[in-house]
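Me: I am new to this structure and would like to go through it by question and answer. Please show it first.

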Amino acid sequence: MAQYELLLPRMGESVAEATVIRWEKNPGDNIAIDDTILEIATDKVDSEVPSPVSGKMIKHLFNENDVAQVGDVIAIIEIESDIAVAEEVKDAELESLEKATEIPFIPEENEETVEEKVEEVKNEEAVEVKQQNNFSSSDRFYSPLVKSIAQEEGISVAQLDDIKGSGSEGRVTKDDLLDFINSNNNNNNSQTKDQINTAISSKTIESKKQETPVAEPVKVVQPVAKSGGDEIIEMDRMRKLIADHMVSSKQTSPHVTSFIEVDVTNMVNWRNKVKTSFEKREGEKITFTPIFVEAVAKALKDLPMVNVSVKGSQIIKKKDINIGMATALPSGNLIVPVIKNADQLNLVGLTKSVNDLARRSRANKLLPDEVQGGTFTVTNLGTFDNTMGTPIINQPQVAILAVGAIKKKPAVLETEYGDVIAIRHLMYLSMSYDHRVVDGSLGGMFIKKVADNLEQWDVNREI
């Protein structure tokens, strides 16, 4: 018999650690290849870790709620004595872990140039070691990703120690650190003005030293009245993350919401005409969601300044159009899987992607990469027969579109013979946007562009 060391696998770009949620296999349990060993959670999504080997669980090296780093040995599995096979599996795991940090190939250069590069690398390594030593002086745990971002942004250990963490046991997450950096950038200009205004005479400064310091305002939490029959329900981990994310978004972005009514009669009639043949041919049901995603993707190509993020005083214009779709889970929580490069998919591809992500969202089978990198979000309120809403922006994006229920209503139509009243399929679009970078004119043009894409639907479109 041999012992196999199970490593915490890579869980997507920029994901460096995970929390152990639950062990599915305990010491003494038999394990088959691809059996789920444990469930883990990152800042974005829960995932299952399958076994790459068959054998018997010997030992857990992390307890539930412990935080493990990518590449850590998390369990020991007893396997058959085919060590060569075990080593082959382990090499494959290590290779996947090393790809994130592998050194790119450097073509042949003259000896002097190579020596210069070696010296440059040594200097960079020395700086990195010094920074790591500084971090090691802190009693608080920081993930490699948080440390890396802090080093790049020049955040000191003392500043990190002052950040209130929203992660497990008060850990500072990536989002906590980015919020801190954005807050500092936003305050730079006002701080400069404050420094100028406080450059007063030494006599005034001396007198101010003797003044009684003014107490900072205390945030008062209003007490909640409870009666004997009330039930107290503790938020689960995902609900806490959602709550923090929503509060942070409202504190970060000044929200403005625009509304528009859309006549989608042609779109509805077209879908009714093709849905049966489409399902027989593709094995998938075509819903309205991929149609909405397509309309948004086209609008983002026409008005790319909505496809941006904000970093301090900088506007980051995104190259890719990655559209998130808010999905309700059976638990009552919410998750936003992302359709990557949505503008490059046709309607068949969008339909398959939407249906696949929705199914795996509800089954808790999403990968961490599939809930990251979104540049715009669509939420379908019509699923719950809601007419319209005022959605909260999914940071760090700057806009989110809510689509309401489609209702049959009387509407005035202009014809060559005069105005008539007809029964039409109408719906409302409501879009919230970040007024720091999206003004009313741009926001209004964008939602009108989406509406036009839906209203001008070709009833003879082939799919």
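Me: In which loop is Asn65 placed?
Reply: The model is a predicted one, in which local features need pLDDT of at least 70, side-chain atom pairs count only at pLDDT 80 or more, and totals for chains, interfaces and linings use all residues. Residues are numbered from 1 along each chain as its sequence is written, and side-chain values use heavy atoms, with hydrogens and water left out. Asn65 is not a glycine, yet its phi is positive, at about 80°. Its place is in the loop between strand S6 (55–60) and strand S7 (67–69), strands being DSSP runs of E with at least two residues and helices runs of H or I with at least four, numbered from the N terminus.

Me: Is Asn364 buried, partly exposed or exposed?
Reply: Asn364 is found in the loop between helix H10 (347–362) and S16. Its phi is near 60°, a positive value in a residue other than glycine. Buried means under 20% relative accessible area, exposed over 50%, and partly exposed in between, with a 1.4 Å probe and protein chains only. Since the relative accessible area of Asn364 is 29%, the residue is partly exposed.

Me: Which peptide bond is cis, with omega near 5°?
Reply: Pro396 has its place in the loop between S16 and S17. The cis bond, with omega near 5°, runs from Gln395 to Pro396.

Me: The backbone nitrogen of which residue lies 3.3 Å from a polar atom of the side chain of Gln397?
Reply: Gln397 is in the loop between strand S16 (376–380) and strand S17 (399–403), and with a relative accessible area of 4% it is buried. Leaving aside neighbours within four places in sequence, Gln397 is in contact (heavy atoms within 4.5 Å) with Val308, Ser309, Gly374, Thr375, Phe376 and Thr377. The backbone nitrogen lying 3.3 Å from a polar atom of the Gln397 side chain belongs to Phe376.

Me: Which backbone nitrogen does the side chain of Asn380 reach at 3.0 Å?
Reply: Asn380 lies in strand S16. Apart from neighbours within four places in sequence, Asn380 is in contact with Thr289, Phe292 and Val403. At 3.0 Å, its side chain reaches the backbone nitrogen of Gly382.

Me: How is H8 oriented to H10?
Reply: The axes, which are lines fitted to C-alpha atoms over the stretch in contact, with angles from 0 to 180 degrees between N-to-C directions, come within 13 Å for helix H8 (residues 265–282) and H10 and cross at roughly 70°. Angles under 35 degrees count as roughly parallel, over 145 as roughly antiparallel, 65 to 115 as roughly perpendicular and the rest as oblique. H8 is therefore, relative to H10, roughly perpendicular.

Me: Which residues of H10 meet Trp270, Phe278, Arg281 and Glu282 in H8?
Reply: Trp270, Phe278, Arg281 and Glu282 are the H8 side of the contact. Their partners in H10 are Leu347, Val348, Thr351 and Lys352.

Me: Are H9 and H11 parallel, antiparallel, perpendicular or oblique to each other?
Reply: The axes of helix H9 (residues 289–302) and helix H11 (residues 440–455) come within 9 Å and cross at roughly 130°. Residues making the contact include Ile291 and Phe292 of H9 and Phe446 and Lys449 of H11. At that angle, H9 and H11 are therefore oblique.

Me: How many helices and strands does the protein have?
Reply: Of the 463 residues of the protein, 37% count as buried. The secondary structure comes to 11 helices and 19 strands.

Notes. A polar contact is a pair of N or O atoms within 3.5 Å; within protein, one must be able to donate a hydrogen and the other to accept it, and residues adjacent in sequence count only if both atoms are side-chain atoms.
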